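Please read this briefing with the sequence and the 3D view side by side. The notes that follow are grouped by topic.

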Amino acid sequence: MLICEVQGKCVSTIKNKSLQGYSLIIVQKINKKGIPSGDLIVTIDTIGCSVGEKVLVTKGSSARFSLENNNIPIDSAVIGIIDEYNL
């Protein structure tokens, strides 16, 4: 799992039919100093988070299990909103 910060929304008017009803968001990993850094990741928002929130993101085949239908073609998913963390 990754600790990330939501940077924005990703609008896709044409996408796989199984992704309809899900929002796509852009997140960025948090470094050890608590600052967003590195590549941006487009991920599926399963819980309804907002820009600026810190979230938990799972990647790979585990991301599919965060949805009821695990045959949806995703590589990453938001699985939680972080209230507080200590480094």
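Strands (E, at least two residues) and helices (H or I, at least four) are DSSP runs, numbered from the N terminus. With that in mind, E5 has its place in strand β1. This is a predicted model, in which local features need pLDDT of at least 70 and side-chain atom pairs count only at pLDDT 80 or more, while totals for chains, interfaces and linings use all residues. Residues are numbered from 1 along each chain as its sequence is written, and side-chain values use heavy atoms, with hydrogens and water left out.

**The barrel**

- In the order β1-β2-β3-β5-β4, 5 strands close into a barrel whose pairing is mixed, where two strands pair if DSSP finds at least two bridges between them.
- Ignoring direction, neighbouring strands of this sheet are turned by 55° against each other on average, the axes being lines fitted to C-alpha atoms and the angles running from 0 to 180 degrees between N-to-C directions.
- Strand β1 runs antiparallel to strand β2 (residues 23-30), and 6 bridges join the two.
- Opposite V27 in β2 stands V6.

**The salt bridge**

- Side chains of opposite charge can pair when their charged atoms come close.
- A search of the whole structure finds 1 salt bridge, a term for a side-chain nitrogen of Lys or Arg within 4 Å of a carboxyl oxygen of Asp or Glu.
- The salt bridge is formed by K54 with E5, and their closest N and O atoms are 2.8 Å apart.
- Because K54 lies in strand β4 (residues 54-59) and E5 in strand β1 (residues 2-10), the pair ties together parts that are 49 residues apart in sequence.

- E5 is buried, with a relative accessible area of 16%, whereas K54 is partly exposed at 22%; buried means under 20% relative accessible area, exposed over 50%, and partly exposed in between (1.4 Å probe, protein chains only).
- Leaving aside neighbours within four places in sequence, E5 is in contact with residues including I26, V27, Q28, P36 and K54, contact meaning heavy atoms within 4.5 Å.

**I35, in a loop**

- I35 has its place in the loop between β2 and β3, and I35 is partly exposed, with a relative accessible area of 46%.
- Apart from its neighbours within four places in sequence, I35 is in contact with K29 and I30.
- From C-alpha to C-alpha, I35 and A77 are 21 Å apart in space, and they are 42 residues apart in sequence.
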